[in-house]
Amino acid sequence: MAVLSFHLCLGDLRYSISEERRRGSTLGKIAQDLGMDTKTLSSRKPRVDFEGTKRYCDINHQTGELVVNERIDREALCGQKQSCAIHFDFFLENPLELHRVTLEIQDINDNAPKFKNEAIDIEIRESAIKGARFSLDEAYDPDLGTNSVHSYTLSNNEHFILSPKGADRGRLPEIVLENELDREKQDRLSLILTAYDGGSPQRTGSVVVNIRVLDANDNVPVFTQPVYEVSLHENVPVETVVFRVSASDADEGPNGEVTYEFSYLSIDSENLFTIDQKTGEIKVKGDIDFEESSSFELRIRAKDGAGQATSCTVLINVVDVNDNAPVIIIKSLNTPVRENLPSGSEIGIIYVQDKDSTSNGDIKCSIEQQVPLKLVPSVKNHFALVTTTELDRERQAEYNISLTATDGGAPPLFSSKTFHLSVADVNDNAPIFEKQLYSAHVAENNKPGSSVLSVTAKDTDWRQNGTVVYSLLSSDVNDAPVSSFLSINGDTGVIHSVRSFDYEQLKSFKLLVLARDNGSPPLSSNVTVSVFITDENDNAPQILYPSPDGNSFMTEMVPKAALAGSLVSKVIAVDADSGQNAWLTYHIIKASDPGLLTIGVHSGEIRTQRDLSESDSMKQNLIVSVRDNGQPSLSATCAMYLLVSDNLAEVPELKDMSHDESSTKLTFYLIIALVSVSTFFLTFIIIILAVRFCRRRKPRLLFDGAVAIPSAYLPPNYAEVEGAGTLRSTYNYDAYLTTGSRTSDFKFVRSYNEGTLTADLTLKKPQSAVDDLEGLDADMSDSLQV
């Protein structure tokens with residue numbers, strides 16, 4: 001079922017027309033005023049809604065115009081009220097709109113002045129003096145303003161003229177005696193009084209004034225005041241006295257007897273009031289209803305026995321009482337209502353009608369139950385039925401809503417109305433994951449196809465709207481699609497590994513898991529899954545210095561005067577693992593003199609434990625083991641060769657240090673040296689010169705004193721830190737030694753992070769240096785034997 005969207009327009013439309021327009025005539029172009037064409041207006045099902053039974057106008061769907069549907073008579077609708085208007089509601093659907101339309105009715109001159117009686121009879125004493133004034137009945141015209149009675153004229157005669165004041169609008173007409181009467185000559189006169197309105201074309205009304213000439217009557221009745229104003233509550237019982245007027249006449253006898261009558265009654269008061277001719281009491285004879293008319297104007301004439309009369313005005317203001325209970329009218333309600341309408345959507349319009357005025361007509365309308373709806377006041381006594389939250393059919397599918405309207409009277413009156421509202425189900429709930437963020441820890445070297453973790457999403461909709469399907473959103477991990485790393489079961493949400501992970505290549509990555517329902521259109525949500533690869537101790541330490549391969553020969557020289565704690569050399573190693581798996585410790589597992597040298601457990605620095613003495617062997621061989629802190633621990637070993645000497649000339653058997661493990665070879669070389677010493681003396685001299693030349697070419701191979709380890713031995717992105725194994729290159733240290741000294745230790749050590757070799761610059765030992773050193777070793781051994 002299609003459901004409309006709602007919008008309540010609070011703007012008013014106002015039109016002004018004259019009364020008595022013929023049926024079908026145009027009142028206003030409402031489609032144009034609302035900014036839409038006639039086709040759009042017709043498709044939105046426009047309609048008008050009046051409070052009463054009569055439909056004074058209607059909408060022309062073809063032209064988009066408001067047209068007259070019933071006769072509009074201003075006098076019948078509003079009487080003598082200065083302002084007259086008709087109010088009605090104009091509705092549009094899809095989306096729903098309400099416009100309050102006010103139709104102002106303008107008066108036209110459609111009524112002629114009219115006198116109450118066909119003839120006016122008065123009696124005048126012949127003794128009346130010149131200039132005496134006599135009041136006549138006034139004419140009544142229900143039109144307003146210039147269209148009402150404007151002036152009077154009197155037919156020509158020799159005795160009376162019309163008073164200029166009485167001829168003005170708003171005053172009773174008066175005739176003035178111009179020439180004295182003579183009853184013996186003429187005892188009766190007939191005059192024509194004509195009333196004119198101010199309309200165009202002008203309308204008139206006439207009455208015959210019959211004058212009877214009598215004997216002397218000196219006085220005219222006089223009211224205590226010309227205008228009386230009284231208040232009268234509506235709904236008072238019949239025969240209730242409204243007011244009592246009083247006029248007196250100074251004459252005696254019949255000439256002083258005053259009688260009272262209405263000289264003028266409006267149409268709406270003709271059947272509501274009576275007056276006692278003798279006492280002047282005005283009484284109620286009909287139902288006084290404030291909602292029909294809020295005020296009345298009565299013209300009363302007092303006449304004595306001789307026919308002389310005067311008049312006064314009684315203004316009656318009707319006081320409203322709270323006699324009308326509110327009436328609840330559901331102007332518009334579309335049910336069922338979709339459950340996904342946003343909060344604040346209008347789903348209906350409620351109108352509360354109360355004919356009372358002032359505080360008696362002040363309306364309060366409320367919803368009795370605790371429901372996700374509220375009433376928002378809009379145009380006068382109209383309320384928009386608005387959602388306060390999104391409706392959810394899964395929680396409640398139907399509502400029985402009770403409305404109560406209360407007025408502001410004392411005591412207040414109220415009324416209630418109940419209506420039914422249904423909620424239509426739509427796919428308005430996306431799947432929701434149980435967690436906002438998922439994380440999984442996977443050990444490296446895992447088995448492909450193993451389960452990593454499971455994600456779960458729930459959808460509270462029904463049936464296919466609540467069925468959830470899982471998938472991985474496309475993304476890249478290390479320039480490879482995420483699907484090459486993980487897969488997910490679309491029905492269960494279990495994530496499996498596709499490959500074996502290597503912590504040294506990939507430490508962590510993120511992916512998005514999508515959960516989608518089967519609604520139309522489908523709704524979905526996603527969640528971030530963080531996968532962390534945990535390190536396994538699968539990499540043994542790697543010794544960078546001294547070189548662990550057997551293709552090179554490195555010898556460290558230790559000055560004879562080295563004191564206890566002097567730095568002799570250093571072992572540098574790294575581990576590709578991380579954390580405790582990369583925490584390295586250094587141990588001497590074999591030494592020529594175990595009490596002479598020691599190694600820093602965490603730094604790998606080799607230092608003397610005591611001062612060197614003459615009895616210490618010139619040759620010191622060490623085997624160092626480097627172990628990590630993994631479980632199980634992995635290790636690597638290297639051999640170091642140390643010479644206790646201040647210079648090479650003091651070394652008797654250099655070659656013998658590198659071949660200590662082979663005593664037979666040493667003996668063989670010694671025999672050769674003894675036999676050949678005399679023969680190769682010259683060769684010895686040449687070898688000595690060669691050794692000195694090699695020392696100048698390769699100063700870094702045989703160090704004077706303590707050893708400065710080049711940073712190029714470290715692998716890319718690693719640097720050595722004393723006591724802490726290996727760290728990234730952002731924490732880099734270097735050591736500085738004095739130049740030209742054979743006995744000095746480190747002078748100072750400072751940390752720095754500038755000038756570090758880049759990853760692609762690695763210091764390597766050329767093979768030529770190794771060959772030269774081996775040859776030098778052999779020749780020096782021969783010479784020493786000699």
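Reply: Happy to! Let's start with the term we need: a disulfide is a pair of cysteine sulfur atoms within 2.5 Å. Keep in mind that this is a predicted model.

With that rule, the count comes to one disulfide. Which residues form the disulfide? The partners are Cys78 and Cys84, and their sulfur atoms lie 1.9 Å apart. That distance is within the 2.5 Å of the rule, so the pair counts as a disulfide.

The word has a cut-off behind it, since buried means under 20% relative accessible area.

Cys57 has a relative accessibility of 0%, so Cys57 counts as buried. Cys365 has a relative accessible area of 13%, and Cys365 is buried because that value is under 20%.

For contrast, turn to a residue on the surface. Ile686 is found in helix H6, which covers residues 681-697. With a relative accessible area of 53%, Ile686 is exposed, as the cut-off for exposed is over 50%. Ile686 also belongs to a nonpolar patch on the surface, together with Phe681, Leu682, Ile685 and Leu689. The accessible area of this patch is about 530 Å².

How values were computed. Residues are numbered from 1 along each chain as its sequence is written. This is a predicted model: local features need pLDDT of at least 70, side-chain atom pairs count only at pLDDT 80 or more; totals for chains, interfaces and linings use all residues. Side-chain values use heavy atoms; hydrogens and water are left out. Buried means under 20% relative accessible area, exposed over 50%, partly exposed in between (1.4 Å probe, protein chains only). Patches are made of residues with over 30% relative accessible area and no salt bridge: like charges are joined within 9 Å, nonpolar side chains (Val, Leu, Ile, Met, Phe, Trp, Tyr) within 5 Å. Accessible areas come from the Shrake-Rupley method with a 1.4 Å probe; for residues, only the protein chains shown count as cover. A salt bridge is a side-chain nitrogen of Lys or Arg within 4 Å of a carboxyl oxygen of Asp or Glu. Helices (H or I, at least four residues) and strands (E, at least two) are DSSP runs, numbered from the N terminus.
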